[in-house]
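Here are my notes on the model, as numbered points. Please read them with the structure open.

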Amino acid sequence: MTNGIGGSDAARELSAIRPWADPAPTIMHDEYRRRIERARQIMAEEKIDALLIGAGASLRYFAGIPWGQSERLVAMLLTPAGDPIVIAPRFERGTLEADLTIAADLRLWEEDESPSELIADALRERGATRLAIDPAMAFLFVERLRRVAPSLDLGEASPVVDGCRMYKSAAELALMQQAKWMTFEVHRRAARILRPGIRASEVVRFLDEAHRAIGAPGGNGFAIVQFGRATAFPHGLPGDATLAEGDMVLIDTGCIIQGYHSDITRTYVFGEPDDEQRRIWELENQAQAAAFDAAQLGSPCEAVDHAARRVLEAAGLGPHYRLPGLPHRTGHGIGLSIHEPAYLVRGDRTPLAPGMCFSNEPMIVVPDRFGVRLEDHFYMTDAGPRWFTIPSPSIDRPFG
């Protein structure tokens with residue numbers, strides 16, 4: 001094979017990978033302090049007395065604690081004044097203090113105690129009656145808090161969480177840029193190991209090993225590898241397919257650098273594309289470019305989705321979500337979560353503003369035949385959109 005597809009093997013490609021030479025700096029303490037201050041500004045605007053953030057991406061964003069949600073409540077309570085209060089199991093104290101990046105009042109609970117009572121007591125101490133809760137927090141924890149403090153006015157904290165996390169700082173953009181360039185390089189090398197009969201699982205394993213070799217400590221954040229008909233399903237089909245000449249190849253993968261995600265898709269043909277494969281690929285390329293061009297400061301997010309669909313509908317695809325055509329939104333926000341607000345979809349009228357980051361992936365599905373998804377990401381600057389990675393130039397030379 002030629003043009004960057006095939007012609008090598010996993011061992012050769014892995015041996016050529018070097019750890020990323022210029023890692024992005026870690027998020028510093030001052031930035032966490034600014035995030036807390038921004039959250040308090042939005043709380044004041046929304047007339048919120050207190051904010052409760054649970055374990056997960058938002059707790060990492062505000063406090064640097066990189067813990068996932070479990071059956072034990074771990075949370076941060078933020079009020080207009082005073083140190084943030086962090087609620088956690090007492091036996092986790094050492095790990096918690098090592099991970100914390102902000103000054104905090106620790107309220108620790110034993111296994112037979114109620115963390116909900118600790119939160120209720122803290123709210124009473126600080127005179128808070130209107131509490132906004134992390135939209136990602138498990139209902140179980142919310143319900144337990146409601147039971148111990150039935151007089152609380154509970155609401156959802158999306159205006160605060162999204163109002164902070166949706167707009168990335170220069171430090172966040174640098175981490176995301178690193179993650180995306182690393183995944184782009186892994187994609188390029190993955191295309192070179194393809195051969196007739198290779199299994200999708202072999203490619204997934206290579207993607208993981210290559211991500212680790214280049215400097216992503218967790219390997220793949222995720223990986224989708226599909227051949228032939230399976231590419232007509234946005235997230236693929238179960239099983240472990242083998243590659244054949246003339247198959248469409250769809251690889252969608254990413255990694256995580258200090259919590260920040262990459263998520264890039266490449267689609268191309270193993271062999272010579274037929275006329276229909278080429279036509280659909282070129283339409284996908286045009287739709288992705290139209291979406292990027294429509295991403296102008298002040299425009300609503302949905303305008304980007306409309307622009308991609310206009311290209312497809314002019315070519316007789318769709319309309320709307322009908323197939324053959326584009327069955328899902330054009331893109332999603334990305335950062336500490338792989339999918340996060342805002343969204344490039346009809347109905348999302350959030351104005352585009354500097355610091356916002358999106359995938360651009362107006363996938364075309366031809367039912368029971370094949371699909372084409374080209375996914376790159378862009379971020380908004382004062383001068384408009386800017387690509388993190390270079391879009392695929394052609395089906396014949398997908399990596400330039």
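1. On charge, Lys and Arg count as positive and Asp and Glu as negative, with His and the chain ends not counted. The place of a charge is taken as NZ of Lys, CZ of Arg, CG of Asp or CD of Glu. On that basis the protein has 43 positive and 55 negative side chains, and the centres of the two sets lie 1 Å apart.

2. On provenance, this is a predicted model: local features need pLDDT of at least 70, side-chain atom pairs count only at pLDDT 80 or more, and totals for chains, interfaces and linings use all residues. Residues are numbered from 1 along each chain as its sequence is written, and side-chain values use heavy atoms, with hydrogens and water left out.

3. On overall form, there are 11 helices and 18 strands, taken as DSSP runs (helices H or I, at least four residues; strands E, at least two) and numbered from the N terminus. The radius of gyration is 23 Å, close to the 21 Å that the globule rule gives for 400 residues, so the protein is as compact as a globular protein of that length. The radius is taken over C-alpha atoms, and the rule is 2.2 Å times the number of residues to the power 0.38. The C-alpha trace spans about 70 × 45 × 40 Å along its principal axes.

4. On Gly218, the residue sits in the loop between helix H9 (200-214) and strand S7 (222-227). Leaving aside residues up to four places away in sequence, Gly218 touches Asp208 and Arg212 (contact: heavy atoms within 4.5 Å). Asp208 is 10 residues from Gly218 in sequence and 8.3 Å away in space, C-alpha to C-alpha.
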